[in-house]
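Hi everyone, thanks for coming.

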Amino acid sequence: LMPDATVIPDEIACNAAISACEKGYQWQRALAYLLEMEGRHLQPDVISYSSIISACEKCLQWEHALNALFLMQGNGVEPNLFSYSAVISACGKAEQWERALTILNEMQHSGSEPGLITHSAAVTACEKGKNWHAALSILLDIKKSGLQADVISYNAAISACEKCTEWEWALTLFADMEQCSLQPNSISFNAAISACEKGKQWARALHILCDMNNNAVTPTMISFNAAISACEQG
């Protein structure tokens, strides 16, 4: 190697550096590399921006994730499913469900068809924002689009109903999982039992608790505590 050689990074090298920052939860460094690219008159692409958005999402920096999306669009780079999903997830983690739904609607109006991951991120955002109506609406949209909702989507919707004391809807969704050939996990069962607890439905709570063993799902402390609390309130 030549000791006095100067290596000038190109787009590929910068993208690799940004991706490494994303994997290492270094969102500030990822943004610094983006600024360096612009200073060197290099053109960031969808990989550059998506990695930065993902880094911000992982580090709970929803505003920076959103700004990166806007900057991406302003520079004429078309976001992909990964970009949109990461922004929606970032907003969801910060309980910014309204912004998450705005991004989802923008995505649909732009002609991009949200996939299951994007929809699931939106349902989760609604769950964290305690908006069960919107969670159910998105779950219905998943079915209308011909996609098969997964356990993550159902869990988020059931949890949204549980948090809003909509125990009947929570149990309806829980039953719908079986009809869709989905195997509920401990999160599904716990959310359903907690919904019964809040609805003072102790008999249903005990029935679901017993069903856990029948479905080879091991009850957790959350399961037992919610069932006991349901019995105390019933």
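Predicted model: local features only at pLDDT ≥ 70, side-chain atom pairs only at ≥ 80, totals over all residues.

Residues are numbered from 1 along each chain as its sequence is written, and side-chain values use heavy atoms, with hydrogens and water left out.

Okay, the overview. The chain has 13 helices and zero strands; helices here are DSSP runs of H or I with at least four residues, strands are runs of E with at least two, and both are numbered from the N terminus. The C-alpha atoms fill a box of roughly 75 × 40 × 30 Å along the principal axes. Of the 234 residues, 48% are buried, meaning under 20% relative accessible area with a 1.4 Å probe, protein chains only.

Now, how do helix 11 and helix 12 pack? Helix 11 covers residues 186–198, helix 12 covers 202–214, and they pack at an angle of about 165 degrees with axes 8 Å apart. Axes are lines fitted to C-alpha atoms over the stretch in contact, and angles run from 0 to 180 degrees between N-to-C directions. That makes the two helices roughly antiparallel, the word for angles over 145 degrees, while under 35 counts as roughly parallel. Residues meeting there include F189 and I193 from helix 11, and I208 and L209 from helix 12; a contact means heavy atoms within 4.5 Å.

Keep an eye on I193. Setting aside neighbours within four places in sequence, I193 touches A205, I208, L209, M212, S223, A226 and A227. I193 is also among the residues with the most contacts inside the largest nonpolar core, which has 74 residues. Such a core is a set of buried Ala, Val, Leu, Ile, Met, Phe, Trp, Tyr and Cys residues joined through side-chain atoms within 4.5 Å.

Helix 11 has another partner: helix 9, residues 151–163. Their axes come within 9 Å and cross at roughly 15 degrees, so these two are roughly parallel. Among the residues meeting here are S159 and K163 in helix 9, and A192 and A195 in helix 11.

Last stop, E127 in helix 7, residues 116–128. Buried or exposed? E127 is buried, with a relative accessible area of 10%. Its contacts beyond four places in sequence are A156, S159, A160 and K163.

Notes: Parallel < 35°, antiparallel > 145°, perpendicular 65-115°, else oblique. Buried < 20%, exposed > 50% of the residue type's maximum accessible area, 1.4 Å probe, protein only.
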